[in-house]
Amino acid sequence: MANLPIVLTGGHAGTAGIAVLTELKKLEKLGNAEYFWIGSKVAMEGKSSPTLESRVLPKLGVTFYPITSGKLQTKFTVHTISSMLKIPVGFIQAFFALVKIKPKVILSFGGFTSFPVVFWGKVFGIPVIIHEQTVAIGRAFAASVPFATKILLARDESKKYIAGRNAEVVGNPLMPEILSIKQKTWMPRFPTLLVIGGSRGSSFLNELMRAIVKDLLTLVNIIHLTGEEDYKSQSIFRESLDVNLRNKYALYPNVDSDKMGNLYQNVDIVIARSGANTVSELIYAKIPTIFIPLPRTYLDEQVKNAKYAENYGLGVALAENEATDSRLIAEIKNLIKNRNKIYKNLKGKISPDVDASKKIAAIVSVYC
C-alpha cells in the first residue's frame, strides 16, 4: 500500500509538532503515513542558530523541507529589507515542495514559514488544518484563516480575533515528557531557579541575570538556559564569579525538548518569557513563575499569554520596565514565602492542554 503523506508546518512550533506527531504515530488508521515538515532551518533572521524542528524532527523520521520565506518584522532592523525580499522565494519553494509530496492533509502551527504552505494547500485543494497556540493570534495565523479547512485554537479567548469563523478549542499540544511531570507540594529551604528565554534565549533576561545573579545566589541555586547566541558571553561572565557562586550557577545554551520534563521536575521557581508553549508547559507543571513577556509582539500575544498564566494562579507577570533588579528579587522572595498558598490554589486545577495532542491527531486523521 502506498504511503500516506502528511505535511506539518510552522515556525518556532517544534514542541507542538513533536507532541502531535507522537499521537499521530499511535493511530492505527495512519499506520502507513509518511510525515514531512516544511519550515525554516534558522531560528532568527540573520542568525545561524538552527530551529528546534530542523534539529529534532529528522531524528524522528520526519522529512524536513527547508524554505527561506521571510516575514514582516515588528521593528526595522538591518535584516528587514532582505527578509521581505525572501517572501516570494518561500512561496516558490513551498509550491515545489507540495507538488513533490502531494500530501493528503496539511497541519499548520502558524509562524511566517507556514503561510506559503497554507496558501498553496488551498490552491491545490488539500485540506488545511491550522492551530493557534497563543491567547491572541499571530500574523501568519490571521492570514491563514481564509484558507483553512479547519480552525483550531488553544484558548477560548482567541475566538474574538476570528469573528464569524467556526473554530474548535482543543488546547495546546504538550510533549509526553511534560505530561509525565508530577506537581510538587513543597519547596526546599534553598530552592532551584530556572531562567529560560524560550528556544532562542533572551538577551534581556541574560543581561538581567548578569546584574542580579550575585544577590540571587544568596537565595537560590540557578539553572540558566541562555540560548546559543549569548552562551559564550554568559559563560565568560560565569567564570568571573567567585568559585562558591559559580558552583551554584549552572549554564546551558539550551536543553533538548525531550529533556524539558525532567528539568521542570527538578526546579522550584522559574523566570521566563511567555511564549505560548512555555506558558502551557509551566501551567501543566504548576511551577511558581515570574513571566517577563517579550514586548512588541503582534497583538501583544506574549503579554496576554503571561496574564493568562497570572490569572490561572501560577505567579506574576512583569513588563520589562517593571523587571528591575530590586523588583525581581522581591518577587522571588514572595514566591518562596507564598509557595504553600500557590501550591494549594493550583492543586485542584486541571490544565486545559492535557489532551490537546490527542484531539488534534484525531482531527487530522479525519482528513486522511
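The questions and answers below concern a strand and a pocket in this predicted model.

Q: Which way do the side chains of strand 4 point, and are they buried or exposed?
A: In a regular strand the side chains alternate between the two faces of the sheet. Strand 4, residues 105-108, has Val 105 and Leu 107 pointing one way and Ile 106 and Ser 108 the other way. With buried meaning under 20% relative accessible area, the state of all these residues is buried.

Q: Which residue in strand 4 stands opposite Ile 6?
A: Strand 1, residues 4-9, runs parallel to strand 4 and is joined to it by four bridges. Within strand 4, the residue that stands opposite Ile 6 is Val 105.

Q: Which elements give two or more residues to the lining of the second largest pocket?
A: This pocket has a volume of about 170 Å³ and is lined by 13 residues, with Ile 18, Val 56, Leu 60, Ser 257 and Asp 258 nearest its centre. By class, the lining holds five nonpolar, two polar and six charged residues. The elements that give two or more residues to the lining are helix 1 (14-24), helix 2 (52-56) and helix 7 (176-179).

Key: Residues numbered from 1 in each chain as written. Predicted model: local features only at pLDDT ≥ 70, side-chain atom pairs only at ≥ 80, totals over all residues. Heavy atoms only, no water. 1 Å grid on protein atoms, 1.4 Å probe; cavity = no way out; pocket = protein on both sides within 12 Å on 5 of 7 lines; lining within 4 Å. Points joined across faces, edges and corners; volume = space filled by probe spheres on them. Nonpolar A, V, L, I, M, F, W, Y, C, P; charged D, E, K, R; others polar. Buried < 20%, exposed > 50% of the residue type's maximum accessible area, 1.4 Å probe, protein only. Pairing = 2+ DSSP bridges.
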